[in-house]
Amino acid sequence: MLREGDYRVPSGCAISGFINKDGRRVDGSAIIQSIALMQERSNGLGGGFAAYGIYPEYKDYYALHLLFEDKLSRNLVEELIKDNFYIEAEDRIPTRHVRSIGKAPLLWRYFVTPRLSKIEESKETEADFMTRLVMRINDSVNGAYVVSSGKNMGAFKGVGYPEDIGEFFRLDEYQAYTWIAHGRFPTNTPGWWGGAHPFTLLDWSVVHNGEISSYGANRRFLEMYGYKMTLQTDTEVVAYAIDLLVRRHKLPLELAARVLAAPLWQVIDRLPAAERDLYTRLRVVYGSLLLNGPFSIIVGFSGGLMALNDRIKLRPLVAAFHGATLYVASEEAAIREICPDVERVWYPQGGEPVIGRLEEESQCRLSA
Amino acid sequence: METLNAKSLSYQALNDYIRTLLDNGCRELVLKNVNGQRYIGAGVRGRARLEIHGVPGNNLAALMDGLEIEVFGNAQDGVGNTMNDGTVIIHGNATDIAGYSMRGGRIFIRGNAGYRVGIHMKAFRYKKPLIVIGGKAGDFFGEYMAGGTLVLLGLDLQPGEAIVGNFVGTGMHGGEIFIRGQVDSFYLGKEVKAVPPTAADQERLREIVGDFARYFDLEAEKILARPFTKLIPYNKRPYGTLYAY
């Protein structure tokens, strides 16, 4: 069977997400309702969610969500995990039977913390150690893929309409302060469970509507920093690019957005000198991380979310807020479906990031 | 007058109801609780009137031929896609590609509009599409425009807020754009030039703005007090020599 990436994927996907900035956690039924409203944007070949704040009882452990195509791959990965980690808990990811969802791979989760001796041996930071492990599983264990690897968060994805995937993964039983969702429309390729959105690394998760035409250039750049593109879908580069820019190179998220959707040169030419200098430098240093082609994305991370369009807005994106909640979606109707009387609706410009973060007080409360 | 509750109806079911009612002679139809249903009024011919409460989905009035649709709420992408005739009045905003390939009829938007309004709009003899926007518009306003009229009023702009985005009229080769006030040449695409409106243009603008003010209960004189900039294409085949050596 040919997988994602062996074909071109012209997509017309749906994205939706929200964050309760006051840290209020809600179950997955609202996000399912929102993404389901845009069913015409998906075709049943991929749906997925990321949720933040769902594992307070294990918040200090990395929650590894894993997908295994067979028992052998599970055994190999478990061996690898046992070598490198202390396992606090492990479990099948709870699912329920949904008629429209076909045969699912084996879905497991492990709450782990890296063995100190192993980190010392590797002379890496804990996050780099984790990243390398994720890359190693994806790259070298046939049939095993890491669905998510952050703390107090998790991704849930598969082949089906997003509302059915949400039902399958019993998302009504999880409580999160941020939910993001994706409905997929790969028209001429067999969807597969690993190729559904979100794409993740550590706390980062990305859902995407569009096409990254610069995938090859982005991939070559990221490979120089040790990232391995194994999931054969263009969106994968976005997750790793943000990890490189924000976690490793310490760029503020606002500036990372200006790397991915860099202002056009003629716009840069008109900026005041200091900004012109900054954006020129960003384009020179990170030219290979510019995402070319049409996209709207939502990026989830611990304590916040960001929505971003390509710089000439070739995909739809609407934002709204109501009380302490920030909503972003492909269509306004998807927001109104779960919050009919939003206080304010606006339409972000191409390349203009919309960022919502937990208020400081709730950030403390959730991590305490 | 009939009323239909669109809550939780699929777009197929809703449009089936609408068509059945119109086929049976309904002249005025009120749709309540619309949220995201696509293709309302799409391909429908006739002189009936639809009133929409809520947010209609993408491609409202696509290929529409004669209806009058009034929306009390915001509209989404692709309003009046390839519309042939009729009138769409939107009391809120419309998003990207409003009037895409529109070939006739009129769209009035009280609020703001998104990117690429009027892209590929065209005119032929007596078919002359018109879009009027009360607020501001995004980048690529009138992109590849081949005919018809765009009017941008810039009412209620915040201080420092631009009336229009970058690349106005990129690839434009027919039709005309009127923007209230001055437009910095930086915003213009390479294919358009600014000229002062003629006396005949002024006369037509009085009519157009008069209609707009009537639909939204505004004072036309106040709007007209500020002079307009007219944008027209430099020539009819901007890319005619692009690949010719």
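Visitor: What pLDDT does chain A average?
Guide: Bear in mind that this is a predicted model. In chain A, 96% of the residues score at least 70. The average pLDDT for the chain is 93.

Visitor: Where in chain A does pLDDT stay under 50?
Guide: Where pLDDT is low, the predicted coordinates should not be read in detail. The stretch in question does have 14 contacts beyond four places in sequence in the model. The stretch is residues 7-11 of chain A.

Visitor: Which are the edge strands of the open five-stranded sheet in chain A?
Guide: The strand order is β9-β10-β11-β12-β16 in chain A, with antiparallel pairing. Neighbouring strands are turned by 15° against each other on average, ignoring direction. An edge strand here pairs on one side only, and that picks out β9 (199-201) and β16 (354-357) of chain A.

Visitor: What is the bridge partner of Gly304(A) in β16(A)?
Guide: Start with strand β12 of chain A, which covers residues 304-309. It pairs with β16(A) in the antiparallel sense, over four bridges. Within β16(A), the partner of Gly304(A) is Arg357(A).

Visitor: Which helix lies across β12 and β16 of chain A?
Guide: Look for a helix of chain A running at about 25° to β12(A). It spans residues 253-260, and its name is α8.

Visitor: How many polar residues are on the side of chain B that touches chain A?
Guide: On the chain B side, 15 residues are in contact with 16 residues of chain A. By class, that chain B side has three nonpolar and four charged residues, and the polar ones number eight.

Key. Residues numbered from 1 in each chain as written. Chains lettered and ligands numbered in written order. Predicted model: local features only at pLDDT ≥ 70, side-chain atom pairs only at ≥ 80, totals over all residues. Pairing = 2+ DSSP bridges. Helix = DSSP H or I, 4+ residues; strand = E, 2+ residues; numbered from the N terminus. Axes fitted to C-alpha atoms, helices over the stretch in contact; angles between N-to-C directions. Contact = placed C-beta atoms within 7 Å. Nonpolar A, V, L, I, M, F, W, Y, C, P; charged D, E, K, R; others polar. pLDDT = per-residue confidence, 0-100.
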